[in-house]
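Hello,

As promised, I am passing a structure on to you. Have a look at it first, and then read on for what turned up in it.

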Amino acid sequence: MLSGRGQLPTLTPVERVLVTGAASWIGGRVVQELEPHHEVIAVDEFEPRMAFAARLHRYSMDSLDFAQFVIDRQPTTVIHLQTLDRSAELGATRSRDGAVLGAQALFGAIERAGSVRQVIVKSDTAVYSTGPRHASILSESTRISGRATRYERNLRDIERFVADLKPSMPDVTFTVLRLGPIFGQTVANPISRYLSLPVVPTLMGFDGRIQLLYEDDAVDAIIFASQTSPVDGIFNIAGDGILYLSRLIRIGRRIPQPLPSPQLRQARRLLATAGIALPEHTANLFKYGRYAATARMTAELGFTPARTTRQAAERTLRSRT
Amino acid sequence: MTSRLDAMLGGLTKEELIALARAASLPGRSSMTKAQLSAALLEYLETETEPESSGPPLPRPNRCSSVTGQHPCGLPAASDSDRCGLHGGYDVSDLAIPVAGKLGFDTWPALARQLALATYDVDPLGLDPVIADMVWHMMNFLYFDYFRVEVEGIENVPSSGPGILVANHAGAALPYDGAMLAAAVANDAAVPRRVRVIGTEIFNMLPFVSHLYRKSGAAFAARDDATWILNHGHLLGVFPEGVAGFQKAQSQAYQTQRFGRGGFVDLAFQTGAKIIPVAIIGGEEVHPVLFTSKRLAQLVRMVFPEQRLEEMAVWLNPIPLPVKWKLKFLPAIDVSTVEHTDRLAVLELSEAVRSQIQFALNDMLADRDSIF
């Protein structure tokens, strides 16, 4: 799947790769890409969404059993993908425990195991949160501040664990990838499903600037970071350019339906019962917009997504109609 | 023939001459004297009436050759290219020549179609050239007809590269001064450039304003935004007084307030951009302030807790008064010639700019006979 894009260098020698969050869409895709070349240890507590050959080890990540499992298996590379927002399925508290306590257990185990050379953490540009007092252009050096939703706070906590762990493990590279909103047909995450509705309820009087990352590019970015010579640091990963929400909907040939705030809340509640829940942080994104500068991604990491924001939108929204 | 025209023009009032000059789209017309206007018009009439008599009518502006779907773009092209601004004719984020050329409202159907097609890109700050054009058309009504803005020293605005336009803030209801500053550089400068004005978060919070303001080229007053604008070689418009200059009592009209932490000087040191102080008169009388209220400011803070508003002005008239405006661009300050660039220098230079603007304001006010 990756060979067609010609972006990956020759694969490095066989590594023992621990992939957390393997049951999620992105976790499954990463395992699929890695398993022909590496020994993959896939971990998650749910049924996998994507089929792969490697055995899925069912552990709840916030348990000490899981930490012991990591220490026993002695991985050389850790790809931590279980930072997703699972509050819709699990409820807020369980989701938080899975993400934050899970990360705490994992990083503790990495420190104890002593075998790990590279850690890749999937974060999200949502870590910046969004609001009226946020700069329009956010870079990796921008100080993270401002009110945040629960998911955004989780991400901040996880990134802080990484920052705390880094000084004590100087010979391990920590690559934090802040992925932009992942968009695509197969990923079917809340943002993709919501914008694929025939009529899209939006907030009247607001039009956020949206940056998108095509689903294949999100997988590529993680594989790329794990296969090239490891680079330390935090990187924003997103497709080139921005789209206003209104134009994004128009590109998809959907009908935007601006609603005042109370009516929008009702519409969202109605959609949530139909299984299309729009999380709070995405609703804020639609309201205020966000742009994460990707200069460091191209200059230091050497990665360029194959599709721009516009192409991601066109490919996802026009193929279904 | 010339003498007849001359006599005809001599019999007109200045307002009528300006109206003629606008019809002929003569550059710099708002700052000309009556004699200059009639001279410029005479010259224009002599050169422009020639081709009409020789056969073909006035050349129609070139249309953009770009095609989306089956439809040609239909917007006028830039003068030295066969493309319009939307399709690569010129850099829309810097040059403020409207995408639709200097034609007027007959280009709106083509603009509306581009808006619906949404094939052009917007920059990371959110400048939408088509919306910016539509806003520009409307601002021109205020600029030429309602506020009849007079401009002095426009040659101090650099024709390329970054620059920071620092102006005094005025008014109470709407920040007309930001719009007029941008319109002055777009209409009267030798190279019509786009000024990216930065404002407070209130513009991000109000419905409808929040995106129209962005789409017309403005940005949020954050360091990252301003640095991006300057590093890309654009013009930045700042009002360092902020809300303290905006919501002040009528007794303090044209008294520049504190210039904050002098963030604009810091930016100039970092990016090497020139600082161009601008003095604006007219803004304080558009909505004369009756009184300022701390109570009202408290109420506003309850709705917008992030606002640092201390006093709220209550103004007289719901409709802006047709005040005569005057903008004076002062000589540019090159920060590379400044002796020190430390923290104190930031405050010193910021204070120097403030007093330059204050002196210019005092001069202009002394020269003014009537506010209309």
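Let me start with a helix in chain A. Helix 7 (residues 215–227) of chain A lies across strand 4 (77–80), strand 5, strand 6 and strand 11 of chain A, and runs at about 170 degrees to strand 6 of chain A. Some terms: helices (H or I, at least four residues) and strands (E, at least two) are DSSP runs, numbered from the N terminus. Axes are lines fitted to C-alpha atoms, for helices over the stretch in contact, and angles run from 0 to 180 degrees between N-to-C directions. Contact means heavy atoms within 4.5 Å.

Before going further, please note that this is a predicted model, in which local features need pLDDT of at least 70 and side-chain atom pairs count only at pLDDT 80 or more, while totals for chains, interfaces and linings use all residues. Residues are numbered from 1 along each chain as its sequence is written, chains are lettered from A and ligands numbered from 1 in the order in which they are written, and side-chain values use heavy atoms, with hydrogens and water left out.

Now the sheet of chain A. Its seven strands form an open sheet in the order 3-2-1-4-5-6-11, with parallel pairing (two strands pair if DSSP finds at least two bridges between them). At the edges are strand 3 (56–58) and strand 11 (233–237) of chain A, each pairing on one side only. From one strand to the next, the twist averages 20 degrees. Seven bridges link strand 5 (residues 118–124) and strand 6 (residues 173–179) of chain A in the parallel sense; A:Q118 has A:T173 in strand 6 of chain A as its bridge partner. Helix 5 (residues 150–165) of chain A also packs on the sheet, where it touches strand 5, strand 6 and strand 11 of chain A.

Chain B has an open sheet too, with seven strands in the order 3-11-8-4-7-5-6 and mixed pairing. Strand 3 (150–152) and strand 6 (219–220) of chain B each have a single partner strand, so one side of each is left without a neighbour in the sheet. Strand 8 (residues 274–281) and strand 11 (residues 326–329) of chain B run antiparallel and are joined by four bridges, and B:V278 stands opposite B:F329 in strand 11 of chain B.

How do the two chains meet? In all, 22 residues of chain A are in contact with 29 residues of chain B. Together the chains bury about 2,200 Å², 52% of it on carbon and sulfur atoms (buried area is the accessible area, with a 1.4 Å probe, that two parts lose on being put together, summed over both).

How many salt bridges are there between chain A and chain B? The count is four, a salt bridge being a side-chain nitrogen of Lys or Arg within 4 Å of a carboxyl oxygen of Asp or Glu. A:R133 forms one with B:E201, their closest N and O atoms being 3.6 Å apart. In another salt bridge, B:D121 and A:R310 have their closest N and O atoms 3.2 Å apart.

Enjoy exploring!
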